[in-house]
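Dear colleague,

I am handing over the structure below, and after it I set out what was found. Please read the notes with the coordinates open beside them.

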Amino acid sequence: MSKLTQQQKTEQTLSLTPAQIQAIKILELTGLELTSRIEHELEENPALEEDYEQPALETSSEERENDTNDQDWELGEYASEDDIPEYKLRELQERQSVREEIPFASGAPSLDEQLMSQLSLVTPLTDRRREVARYIIGNINEDGYLTRSVEELQDDLLFKAGLDVSTDELTELIRLIKTLDPAGIAAHDLQEALLLQIERLPSDELKPLVERMVRAHYDDFVNKRFDKLCVALSVSEERLAELYDYVGKLNPKPGNGFGDDSDARFAHFTPDFIVTERSGELLISLAEERDLPALRLSPTYLLMLEENKAKAKENRQSREAMTFLKHKVEQARWFIDALAQRQHTLRATMTAIVAHQRAFFLSGEVTDLRPMILRDIAEATGLDISTISRVSNSKSVQTDFGVYMLKFFFGEGMLNDEGESISTREIKKALSELIESEDKRAPYSDERLTELLAERGYPIARRTVAKYREQLRLPVARLRKALRPAK
């Protein structure tokens with residue numbers, strides 16, 4: 001005989017309110033993106049307006065007290081994002097799409113824009129052809145490479161854009177894009193990028209040999225099999241060194257200057273924080289506090305809402321107007337609260353980082369960086385680790401010694417022979433200096449680097465040395481080998 005049984009199951013789910021989701025999205029924005037977002041909100045929501053009388057980005061205490069008196073204005077708590085009303089989810093998606101459309105450096109054209117502008121000059125572009133070209137260019141990665149095959153692009157265009165594009169049409173557009181500047185753009189791999197650049201260089205006695213080396217003996221070239229190359233190309237070691245110098249002047253990342261790792265990135269935006277030293281005291285300022293306008297709820301909209309609430313029971317038109325007005329006021333209030341929370345979070349995070357890394361902000365020396373992880377700052381501020389992660393990954397600080405992303409200050413640590421705590425960044429700097437100063441004709445092996453680091457007071461394992469070297473994007477000794485010392 002079967003028995004009916006009851007089981008209790010406890011599940012822990014993340015509870016997010018629309019206001020919390022809004023705050024997260026606002027927190028992740030850069031300074032330029034935030035400026036554009038505020039302009040967008042002011043244009044789209046008449047219940048939000050600039051407050052020329054208040055210096056801060058928040059409503060007056062009287063307005064906030066009036067707002068909280070009416071429970072009908074509250075949106076309530078939702079168990080998860082799945083429980084948020086559909087219209088609210090659409091709004092969040094629209095805000096996210098606006099963020100994705102805002103260029104990082106609004107004052108400078110992006111690589112995509114430059115390529116599209118050039119392409120329109122070399123070939124006629126119908127609306128359909130322009131859309132296909134824009135999709136191809138959009139698939140070029142930050143290093144300038146187009147790694148997706150023609151077949152993959154065809155499938156994407158068909159299923160995502162509803163465009164049936166022939167192989168010939170795609171191949172021709174890709175060929176044209178490869179003729180654009182910077183040279184080497186849209187190459188499938190490094191070999192093709194080098195060949196595209198070599199083709200544009202003026203003819204001289206080295207060019208045919210370099211092209212032959214890269215095209216026909218690429219594997220020997222990248223692995224620096226000097227003896228094999230000398231035989232295959234019928235050249236001396238001195239001439240082979242000239243060929244390597246020739247290639248060394250080419251750009252292995254044609255898209256460099258437009259990607260996230262480019263130094264040019266810092267030329268087009270204002271750092272989020274400024275930390276300066278004055279008589280031994282470190283002063284922290286948040287750039288947006290002086291640059292962004294103060295906001296408030298529109299008094300006109302609040303008055304209209306009160307009037308329609310009073311008439312809501314009398315007619316349907318007033319009820320519909322009240323619903324619309326309430327929705328706009330809620331949106332505006334969410335936005336103002338999110339901005340205030342953003343500023344509080346940013347200032348608390350930066351203050352904790354400066355306190356932890358005080359020595360570095362006073363000296364600018366990497367050796368003064370202390371080991372610091374996200375949990376350290378989370379505990380110091382009382383904020384969640386995920387919040388600290390979002391801030392550190394998207395914000396920057398201007399110091400007396402340069403501009404740094406906040407994630408620069410985070411790193412694990414270890415103890416040296418004297419029992420002193422040192423950061424992994426300090427060890428990586430020492431490793432980089434050793435490799436930079438080595439004789440390139442006989443570069444250090446990882447084993448030798450381990451020994452040299454130990455002599456400097458950094459007793460780490462060989463596998464750790466290999467890991468740090470890879471993180472620094474430094475090749476193994478065999479690939480660092482050169483025919484002659486660097487000039």
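Phe-361 is buried, at a relative accessible area of 2%, where buried stands for under 20% relative accessible area, exposed for over 50% and partly exposed for what lies in between, with a 1.4 Å probe and protein chains only. The model is a predicted one, in which local features need pLDDT of at least 70 and side-chain atom pairs count only at pLDDT 80 or more, while totals for chains, interfaces and linings use all residues. Residues are numbered from 1 along each chain as its sequence is written, and side-chain values use heavy atoms, with hydrogens and water left out.

Aromatic pairs

The structure holds 11 aromatic pairs, a pair being two rings of Phe, Tyr or Trp (its six-membered ring) whose centres lie within 6.5 Å, counted as stacked with planes under 30 degrees apart, as edge-to-face over 60 and as tilted for the rest. One of them joins Phe-226 and Tyr-244 edge-to-face, at 5.6 Å centre to centre and with 85° between the planes. Because Phe-226 belongs to helix H12 (residues 226–233) and Tyr-244 to helix H13 (residues 237–248), this pair ties together parts that are 18 residues apart in sequence; helices here are DSSP runs of H or I with at least four residues, strands are runs of E with at least two, and both are numbered from the N terminus. Phe-226 and Tyr-244 are both buried.

The pair of Phe-361 and Phe-409 is stacked, since the ring centres are 5.0 Å apart and the planes stand at 25°. Phe-361 lies in helix H17 (residues 358–363) and Phe-409 in the loop between strand E6 (402–405) and strand E7 (413–415), so that parts 48 residues apart in sequence are tied together. Phe-409 is buried, with a relative accessible area of 2%. One aromatic cluster is formed by Phe-360, Phe-361, Tyr-404, Phe-408 and Phe-409.

Around Ile-353

Ile-353, in helix H16 (residues 316–356), is buried with a relative accessible area of 0%. Neighbours within four places in sequence set aside, Ile-353 is in contact (heavy atoms within 4.5 Å) with Phe-361, Met-372, Ile-377, Leu-406, Phe-409 and Phe-410. The C-alpha atoms of Ile-353 and Leu-406 are separated by 8.6 Å, and the two residues are 53 residues apart along the chain.

A hairpin

Strands E2 (residues 273–278) and E3 (residues 281–286) pair in the antiparallel sense over 6 bridges, where pairing requires that DSSP finds at least two bridges between two strands. Ile-274 has Ser-285 in E3 as its bridge partner. Between E2 and E3, which form a hairpin, there are 2 residues, and Ser-279 in the turn has a positive phi of about 55°.

Kind regards
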